[in-house]
Amino acid sequence: MRNGATLEEGLKSSLSELDGVFTYFVATKDSLGMAKDTMAAKPLVLYESDNLVAMGSEEIAIRSILPQEITTYDPFEGEVKVWQI
Amino acid sequence: MANLKTTGKKSKAQSMGMHTEVLTGRTQQKFFNPDEAENFYYFGTYEVDFNKRTELDVKNMEAPEANKKIDSLMSEGYGTIVIKNPQGKHSLGVGILNKLNLIFEGSLGYFGVGSCDGPSVRINGRVGWSCAQNLMAGKVVVEKNAGSSFGAAIRGGDLICKGSVGARTGIDMKGGTIIVGGDAGAFTGFMMQRGRIIVLGDVGINLGDSMYDGTIFIGGKIGSLGSDAVTSDLTSSDKDWLKRKLKVAEIDENFDVSKMTKIIAGKKLWNYDNLEPAEKKGAI
């Protein structure tokens with residue numbers, strides 16, 4: 001990214017450049033992104049709505065701020081997502 | 001059963017008076033008395049009435065407390081229990097060895113309804129990792145999505161997710177059926193040993209990796225086949241079974257099963273023939 005790559009490009013290249021299993025998210029001043037390795041060995045639960053994105057390693061973390069019934073999902077292996085803030 | 005007291009023909013030894021004892025042993029024909037069945041006890045089971053219904057709000061309960069309460073309600077004869085506000089808690093509804101209608105009004109966290117034998121469970125929400133692992137019998141229906149290791153090591157029963165599931169669905173499964181209405185992640189059917197998996201949508205990479213046996217049916221695209229997983233021809237009995245199963249599972253019974261891809265084990269990884277003679281030799 002220091003050389004001009006976008007956050008999405010950086011996250012995608014990390015899938016092959018990082019060693020081991022991982023799921024992580026990262027925020028910049030104007031965007032939020034997540035990446036999950038190709039083995040999908042680390043959990044991530046994701047909730048998206050028009051004005052809110054919530055992520056956690058388990059559902060109960062999201063329920064602490066959204067107790068009402070919502071639809072969440074696990075991103076698949078090798079998945080990258082970026083949201084503009 | 002021969003009458004041991006009145007043996008007709010005497011042997012030479014008996015004629016010589018060498019056997020004077022009278023055999024009066026009890027017959028061994030009757031091994032089981034059905035009248036005594038009521039004395040048998042299967043731990044953790046109760047007589048329940050499905051028409052006897054109650055609700056349990058677990059909002060302010062920890063999982064062990066909630067599970068003990070479910071057990072207590074079954075002991076009171078409740079056959080239909082509705083769980084309110086599960087809110088993603090882990091390990092809810094585990095270890096139920098009973099016929100029971102269990103309904104969760106919300107989502108579960110990790111290890112939901114694990115190690116169960118017999119209940120019919122409906123989850124009106126999502127489930128986290130390892131839902132219904134080690135299921136022995138019964139039916140579990142998830143209305144939304146599921147996390148990874150869905151149905152890990154199940155031995156029997158039907159496990160249904162109407163949405164999409166994560167990676168390693170049916171890992172190490174030894175029986176039963178897993179049905180997914182949406183997509184499934186990588187390593188679906190990893191090391192499965194028996195049973196069947198149906199995925200109507202797409203699956204990720206390494207499908208059926210290192211499977212020993214069992215069958216996987218895929219309706220969509222396959223990321224890649226895993227080690228020793230091979231495609232096979234779909235038979236007419238496969239199609240009939242798939243139609244019946246999708247109907248029972250309440251998932252898209254109009255789905256065109258004739259276009260599904262069937263995956264089985266190539267059995268090149270089998271080492272039983274090499275190992276068993278050595279084990280037999282050791283035993284002898």
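## Residues around B:F50

Contact here means heavy atoms within 4.5 Å. The model is predicted. In it, B:F50 touches B:G79, B:T80, B:K99, B:L100 and B:N101, leaving aside residues up to four places away in sequence. B:F50 belongs to strand β1 of chain B, which covers residues 49-57.

Is B:F50 buried, exposed or partly exposed? It counts as partly exposed, at 41% relative accessibility.

## Chain A: overall build

Chain A has two helices and five strands. Along the sequence they follow the pattern α-β-β-β-β-α-β. The C-alpha trace spans about 40 × 30 × 15 Å along its principal axes.

Of the 85 residues in chain A, 35% are buried. The chain exposes about 4900 Å², and carbon and sulfur atoms supply 52% of that area. Among contacts in chain A with a separation of 6 or more, 48% come from residues 24 or more positions apart.

## Chain A: the sheet and its helix

Strands of a sheet pair through backbone hydrogen bonds, either parallel or antiparallel. In chain A, three strands form an open sheet in the order β1-β2-β5, and the pairing is antiparallel. Strands β1 (23-27) and β5 (80-84) of chain A are the edges, each pairing on one side only. From one strand to the next, the twist averages 10°.

Strand β2 of chain A covers residues 31-36 and is joined to β5(A) by five bridges. Which residue of β5(A) is the bridge partner of A:A35? That partner is A:V80. Helix α1 of chain A, residues 7-17, packs on the sheet. The helix touches β1, β2 and β5 of chain A, and its direction makes about 15° with that of β2(A).

## Where the chains meet

The size of an interface is often given as the accessible area lost when the parts come together. Chain A and chain B bury about 1700 Å² between them. Carbon and sulfur atoms account for 52% of that buried area.

The contact takes 21 residues from chain A and 27 residues from chain B. On the chain A side, A:E69, A:D74 and A:F76 lose the most area to chain B. Together these three make up 28% of what that side buries.

## Cysteines of chain B

How many disulfides are there over all chains? The count is zero. The cut-off is a pair of cysteine sulfur atoms within 2.5 Å. The sulfur of B:C116 has its closest cysteine sulfur in B:C131, 9.3 Å away, so the gap is too far for a bond. For B:C161 the closest cysteine sulfur is also in B:C131, at 8.3 Å, and is likewise too far for a bond.

B:C116 is buried, at a relative accessible area of 1%. B:C161 is buried too, at 0%.

B:S149 sits in the loop between β5 (137-142) and β6 (158-161) of chain B.

Leaving aside residues up to four places away in sequence, B:S149 touches B:S130, B:C131, B:A167, B:R168 and B:I171.

How values were computed: Residues numbered from 1 in each chain as written. Chains lettered and ligands numbered in written order. Predicted model: local features only at pLDDT ≥ 70, side-chain atom pairs only at ≥ 80, totals over all residues. Heavy atoms only, no water. Buried < 20%, exposed > 50% of the residue type's maximum accessible area, 1.4 Å probe, protein only. Pairing = 2+ DSSP bridges. Helix = DSSP H or I, 4+ residues; strand = E, 2+ residues; numbered from the N terminus. Axes fitted to C-alpha atoms, helices over the stretch in contact; angles between N-to-C directions. Areas by Shrake-Rupley, 256 points an atom, 1.4 Å probe, with all protein chains shown as cover. Buried area = accessible area lost by both parts, 1.4 Å probe.
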